[in-house]
Amino acid sequence: MDAVQQANSGHPGTPMAMAPVAYALWQRHLRFDPDDPIWPNRDRFVLSMGHASMLLYSLLHLAGVKAVNPKYETLGDLSVSLDDIKRFRQLESKCPGHPEYRWTSGIETTTGPLGQGVATSVGMAIASKWMAAHFNRPDFPMFGFDVYALAGDGCLMEGISQEAASLAGHLKLDNLCWIYDNNRITIEGSTDLAFSDDVATRFIGYGWNVTRVGDANDLAMLDRAFDTAKNTTGRPTLIIVDSHIGYGAPHKQDTHAAHGEPLGEEEIRLSKRGYGWPEEAKFLVPEGVREHFASGIGARGARLRAEWVALFERYRKSCPAEADALYRMQHRELPEGWEKAIPSFPADAKGLAGRDASAKVLNAAAQAIPWLMGGSADLAPSTKTRLTFDGAGDFEAGYHGGRNMHFGIREHAMGAILNGLSLSKVRPYGSGFLIFSDYGRPAIRLAAIMEIPVIYVFTHDSIGVGEDGPTHQPVEHLLSLRAIPGLVTIRPGDANEVAEAWRVILQFRHEPACLILSRQALPTLDRAKYAPASGLARGAYVLADPPAGPPEVLLLATGSEVPLCVAAHELLDKEGVRSRVVSMPSWELFDRQDQAYKDSVLPPSVRARVSVEQASTLGWERYVGSTGRAIGMRTFGASAPLKELQKKFGFEPGRVVSAARDQLAPRA
Ligand SMILES: Cc1ncc(C[n+]2csc(CCOP(=O)(O)OP(=O)(O)O)c2C)c(N)n1
Ligand SMILES: [Mg+2]
C-alpha cells in the first residue's frame with residue numbers, strides 16, 4: 001500500500017489479498033534458498049499477474065533474497081532493499097512496474113502481459129522433468145523441482161493460458177501448480193461483465209487436479225492445498241482461491257478501484273487500523289519479521305541447497321561427464337568441440353531448401369549439444385526441425401527424456417514454453433511457418449526483453465511458399481521481427497549460410513534469434529568462386545565483385561534473393577556494368593559492426609543501390625539510401641506456383657538488371 005501510494009502508481013489490491021497465499025507458499029513450502037536464488041534445483045515461483053509486482057518485491061525483501069551479478073555470483077547485497085521498495089516504479093529501481101527477469105534477482109521470469117507467466121511456468125515444469133530424465137541417476141536425484149504460478153482472472157481469460165494448460169495436462173506435469181486468484185474483479189469491474197467460465201470444470205477437462213480454498217486468509221487450508229499439489233501424481237494442480245481484492249480496505253475491498261491505483265492516504269490509514277497495524281508508520285517491517293522468514297524459507301532453503309551442493313560434489317566424481325554438462329548448461333556454455341559438428345555443403349546448382357539444410361545442421365549440432373531440444377507447433381514435417389538421430393526421442397507424458405517437443409497447434413504457448421525452458425537453462429528451439437510468428441509474437445518479444453537465447457526456426461519465408469496463397473505468404477513479418485529490439489533475425493541465402501547461421505546463433509548466450517528459411521530449393525553457391533559463407537557472422541558481406549575495377553552499383557539481398565542477385569550480377573557483367581552483390585542475411589549483426597567494416601561492404605561513395613527481398617520494402621532505405629531502389633512486396637501475395645509468382649511480383653534477374661541500370665542513369 002505504501003509503495004503504490006508513494007509511487008502514485010501501481011496495483012495495491014491484489015498484493016494485499018494474495019499476501020497470505022504467497023506467505024503460506026514461500027514460508028512453508030517453496031524450496032528456495034534466499035542466499036542463492038539461482039540454485040539449479042530450486043522450486044520456481046512465477047507471478048503471472050505481473051501487475052501485482054509489489055507482492056513479489058515484498059517477498060524478495062522480507063525473505064532476504066540476495067542479488068546475483070552477471071557472473072552468477074552472490075556478493076551479499078539484497079536483491080530488493082527497502083530503499084528500492086520506496087522507489088517503486090522509479091528509474092533504475094530494482095522494483096520496476098512489472099517484475100523483470102535479469103534486472104531483479106529472484107525474479108524467475110518477466111511478467112505483465114497477462115497469461116505469459118503461467119504459460120512460461122509450463123516450460124519450466126517441462127525443463128524440470130527433462131533435466132530429471134537426463135541428469136538423474138540412481139542415488140543422484142539432481143533435478144525434480146516444482147513450479148508454482150500465481151494467476152488472476154486475466155491470466156485465465158487469455159488464450160495463451162488455455163493453450164498452455166491444455167498441453168500441461170496432456171503431458172501430465174505433476175510438478176506444476178497454478179494458483180488462481182478468484183477475486184472476480186478485473187479493471188472494468190466485476191467478471192460478470194465478460195467471464196462466466198466454470199474454471200474448475202474447464203481444468204478438470206484439461207486433465208488437471210483441481211482443488212479449492214474458500215478463503216485466501218485460511219493458512220491451514222492453503223497448507224493443505226499445497227500439500228495436495230505436491231502429493232498429486234500424473235497431473236498438474238490448480239488451486240482456486242477465493243479472495244477479496246484490496247482485503248481490509250474499508251471502502252475499496254472487492255471493487256475494481258482497488259486494482260490499479262493507489263488507495264489514498266486516508267484509506268490506507270483505515271486499512272492499517274483494521275489490521276491492527278500502526279496507522280502512521282510507512283514502509284514498516286516490524287521487529288522479528290525478517291528473522292521469521294529466515295527461520296522458515298531461509299533455513300529450509302539453506303539446508304536443501306547445501307544437500308544439493310554436496311550431492312553435486314559426489315555426482316561430479318561418479319558421473320563427471322554429466323556433471324560437466326550440467327555446469328556448462330547452467331552457465332550457458334556449449335560442450336567442448338561442438339563446432340566440429342557444423343557441416344558444410346558442396347556447390348550445387350540445384351541446391352537445397354533452407355529448411356532442408358537446416359535439418360542437417362540442427363541434427364548434427366543437437367548430437368553435439370545434448371541439452372539442445374525443441375520442436376514445432378505441429379509443423380515439424382514442414383519445418384524439418386525433427387531430431388531424427390538414434391535416441392533423440394519424443395518428450396511425452398510417459399517419457400520425459402525425449403528431445404523432440406510436440407507443442408501442438410499452440411504457437412503462443414510454444415513461445416512462452418520456450419522462454420520457460422530457456423530460463424531453466426535448457427537450450428530450446430521452436431518452429432513454425434514465418435506467417436504464424438504473429439501467433440507467438442508476444443512471447444518472442446518477452447524473450448528479447450529478458451535477453452534469453454531462445455531460437456526460432458521460421459520456414460516458408462515468403463511468396464516462395466507458392467500455392468498456399470496470400471494467407472500463408474509472409475510480407476510484413478520479417479520487418480516486424482526486425483523491429484523487436486535485441487532480437488537477431490537471420491535469413492540465409494544458401495545451405496552454407498544456413499550452417500553459418502546456426503554456428504552464430506548457437507553461441508548466443510543473451511539474445512534470442514529467428515532463423516528465417518525458405519521452403520523451396522536454393523542453389524548452393526560455389527564458394528571457390530564467391531566469398532566464404534563465414535561472412536554471415538558480420539551480418540552482411542561482399543559475396544561477388546566485378547572482375548576488374550571498383551563496383552558502380554550495389555545489389556543487396558537476403559535469402560532466396562541472393563542467387564537472384566548473383567544471376568543479375570552476371571548479366572550486368574556481360575553488359576560491362578560493374579556490380580557488387582552483398583549478401584545481407586542479418587541487419588542486426590551488420591548494424592553491430594564498426595563503421596570501417598560497414599563502409600567496406602557498402603562504400604558511401606557508391607550511391608547506386610538496389611535491394612531485393614521478397615518481403616515488405618519498408619526499412620531498406622537504411623541501406624539503399626533515399627535515392628536507392630528497394631525491390632520487394634508492396635501488397636499481399638497470391639496463390640499460384642512459385643514461378644508464376646516470381647514473374648507476377650517481379651523477382652526475376654531482368655528486373656534487378658533494369659533497376660541497376662536506372663540507378664546508374666544520370667539523374668534529371
Ligand atoms: C495481455 C494483457 N492485456 C491487458 C493487460 C492490462 N491489464 C492489466 S491488469 C488487467 C486486469 C487483470 O485482472 P485480474 O487478472 O483479475 O487481476 P486483478 O484485478 O484481480 O488483480 C488488465 C486488463 C495486460 N497486462 N496484459
Ligand atoms: Mg481478478
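Modeller: Let us start with Lys272. This is a predicted model, and in it Lys272 has a relative accessibility of 3%.

Colleague: What makes Asp2 and Lys272 a salt bridge?

Modeller: The rule asks for a side-chain nitrogen of Lys or Arg within 4 Å of a carboxyl oxygen of Asp or Glu. The side chains of Asp2 and Lys272 meet at 2.8 Å, N to O. Asp2 lies in helix H1 (residues 2-7) and Lys272 in helix H10, so the pair ties together parts that are 270 residues apart in sequence.

Colleague: How do you know whether Asp2 is buried or exposed?

Modeller: The cut-off for buried is under 20%. Asp2 has a relative accessible area of 12%, so Asp2 is buried.

Colleague: How many salt bridges does the rule give?

Modeller: The count comes to 35. One of them joins Arg137 and Glu322, at 2.9 Å from N to O. Arg137 sits in the loop between helix H5 (116-135) and strand E4 (147-151). Glu322 is in helix H12 (residues 320-330), and the two are 185 residues apart.

Colleague: Why is Arg137 called partly exposed?

Modeller: Partly exposed lies between the 20% limit for buried and the 50% limit for exposed. Arg137 is at 29% relative accessibility, so the label is partly exposed. Glu322 is at 23%, and therefore also counts as partly exposed.

Colleague: What makes Glu613 and Arg482 a salt bridge?

Modeller: The limit is 4 Å. The closest N and O atoms of Glu613 and Arg482 are 2.7 Å apart. Glu613 belongs to strand E21 (residues 609-616) and Arg482 to helix H17 (residues 477-482), 131 residues apart. Glu613 and Arg482 are buried.

Colleague: Which residues are linked in a network of salt bridges?

Modeller: Arg31, Asp43 and Asp146 are linked in such a network.

Colleague: What makes a residue a donor of the magnesium ion (ligand 2)?

Modeller: Donors are N, O and S atoms within 2.8 Å of the metal. Asp153 (OD), Asn183 (OD1) and Ile185 (O) lie 2.1 Å from the magnesium ion. They are its protein donors. Along the chain their spacing is D-x29-N-x1-I. Asp153 is in helix H6 (residues 153-157), while Asn183 is in the loop between strand E5 (176-182) and strand E6 (185-186), 30 residues apart. Asp153 and Asn183 are both buried.

Colleague: What is around ligand 1?

Modeller: 15 residues surround ligand 1. The closest are Thr14, His51, Gly154, Asn183 and His259. H6 and E6 each supply at least two residues of this shell.

Colleague: How do you know that His259 makes a polar contact with ligand 1?

Modeller: A polar contact is a pair of N or O atoms within 3.5 Å. A polar side-chain atom of His259 lies 2.5 Å from an oxygen atom of ligand 1. A polar backbone atom of Gly154 is 2.7 Å from an oxygen atom of ligand 1. For Asp153, a side-chain N or O atom is 3.0 Å from an oxygen atom of ligand 1. Taken alone, ligand 1 exposes 590 Å², and the protein buries 74% of that.

Colleague: Why is helix H3 (residues 53-62) called mostly covered?

Modeller: Eight of its 10 residues are buried. Among them are Met54, Leu56, Tyr57 and Leu60. H3 is followed by Gly64, whose phi is positive, near 70°.

Colleague: What about phi in Arg332?

Modeller: Arg332 is not a glycine, yet has a positive phi of about 55°. Arg332 is in the loop between H12 and strand E10 (348-353). At 12% relative accessibility, Arg332 counts as buried.

Colleague: And what is the phi of Lys384?

Modeller: Near 60°, a positive value in a residue other than glycine. Lys384 lies in the loop between helix H14 (380-383) and strand E12 (404-406). Its relative accessible area is 25%, so Lys384 is partly exposed.

Colleague: Which residues form the nonpolar patch on the surface?

Modeller: Tyr247, Tyr275, Trp277 and Leu284, with about 340 Å² of accessible area together. Patch residues need over 30% relative accessible area. Tyr247 has 33%, and is therefore partly exposed.

Technical notes
Residues numbered from 1 in each chain as written. Chains lettered and ligands numbered in written order. Predicted model: local features only at pLDDT ≥ 70, side-chain atom pairs only at ≥ 80, totals over all residues. Heavy atoms only, no water. Donors = N, O, S within 2.8 Å, 3.2 Å for Na, K, Ca; no water. Helix = DSSP H or I, 4+ residues; strand = E, 2+ residues; numbered from the N terminus. Buried < 20%, exposed > 50% of the residue type's maximum accessible area, 1.4 Å probe, protein only. Patch = residues over 30% accessible without salt bridge, like charges linked within 9 Å, V, L, I, M, F, W, Y side chains within 5 Å. Areas by Shrake-Rupley, 256 points an atom, 1.4 Å probe, with all protein chains shown as cover. Near = heavy atom within 4 Å. Polar contact = N/O pair within 3.5 Å; in protein donor to acceptor, adjacent residues only side chain to side chain.
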